[in-house]
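Dear colleague,

I am passing on the structure below, followed by notes on what was found in it. Please read the notes with the coordinates open beside you.

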Amino acid sequence: MNAGLPEDDPWADRLEEMSDDEFTALLGEQKTFSLVPGTGFEYSNLGYVILGRVIQNVTGQNFRTVVSERILKPLGMHQTVWSDEGLDSDRIAVGYARTDDRGHAKGTRTAMTETAAQWVAQPITKPGAF
């Protein structure tokens with residue numbers, strides 16, 4: 001996206017469980033742009049979440065319902081779901097983050113050495129507004 005919206009960083013993952021009302025409030029808060037709009041490309045989770053809100057507002061349906069009905073089902077993606085609820089834990093791909101020996105994510109607070117680094121499973125978030 002070249003809108004200059006905040007870059008893709010972990011804050012978006014932590015906010016996935018927001019309600020629609022909480023997300024609406026977030027949209028109303030002042031944002032810091034990462035680039036002057038129109039001057040460069042940078043992936044933005046926020047940009048795609050805003051697109052999801054536009055789809056929801058235009059169709060009058062929940063974004064997940066629209067994507068499931070209009071994209072996933074026609075493509076035969078019947079095993080693709082929005083939540084891990086009710087799924088066999090052996091069939092769930094778990095994400096990992098690299099941390100140092102004090103639990104800090106790579107690149108934060110402390111420099112890591114190869115020997116101190118470890119991979120830690122990340123919790124699965126539940127769907128919210130996005």
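Arg53 and Asp20 form a salt bridge, with 3.8 Å between the closest N and O atoms; the term is used here for a side-chain nitrogen of Lys or Arg within 4 Å of a carboxyl oxygen of Asp or Glu. Because Arg53 belongs to helix α3 and Asp20 to helix α2, the pair ties together parts that are 33 residues apart in sequence; helices are DSSP runs of H or I with at least four residues, numbered from the N terminus. Arg53 counts as buried at 15% relative accessibility, whereas Asp20, with a relative accessible area of 33%, is partly exposed; buried means under 20% relative accessible area, exposed over 50%, and partly exposed in between, for a 1.4 Å probe and protein chains only.

This is a predicted model, in which local features need pLDDT of at least 70 and side-chain atom pairs count only at pLDDT 80 or more, while totals for chains, interfaces and linings use all residues. Residues are numbered from 1 along each chain as its sequence is written, and side-chain values use heavy atoms, with hydrogens and water left out.

The structure holds 2 salt bridges, and Glu69 and Lys73 also meet in one, at 2.8 Å from N to O. Glu69 is partly exposed at 44%, and Lys73 is likewise partly exposed, at 46%.

The largest nonpolar core consists of 5 residues, namely Met18, Phe23, Leu26, Leu46 and Val49, where a core is a set of buried Ala, Val, Leu, Ile, Met, Phe, Trp, Tyr and Cys residues joined through side-chain atoms within 4.5 Å. The elements giving two or more residues to this core are α2 (20-28) and α3 (45-59).

Best regards
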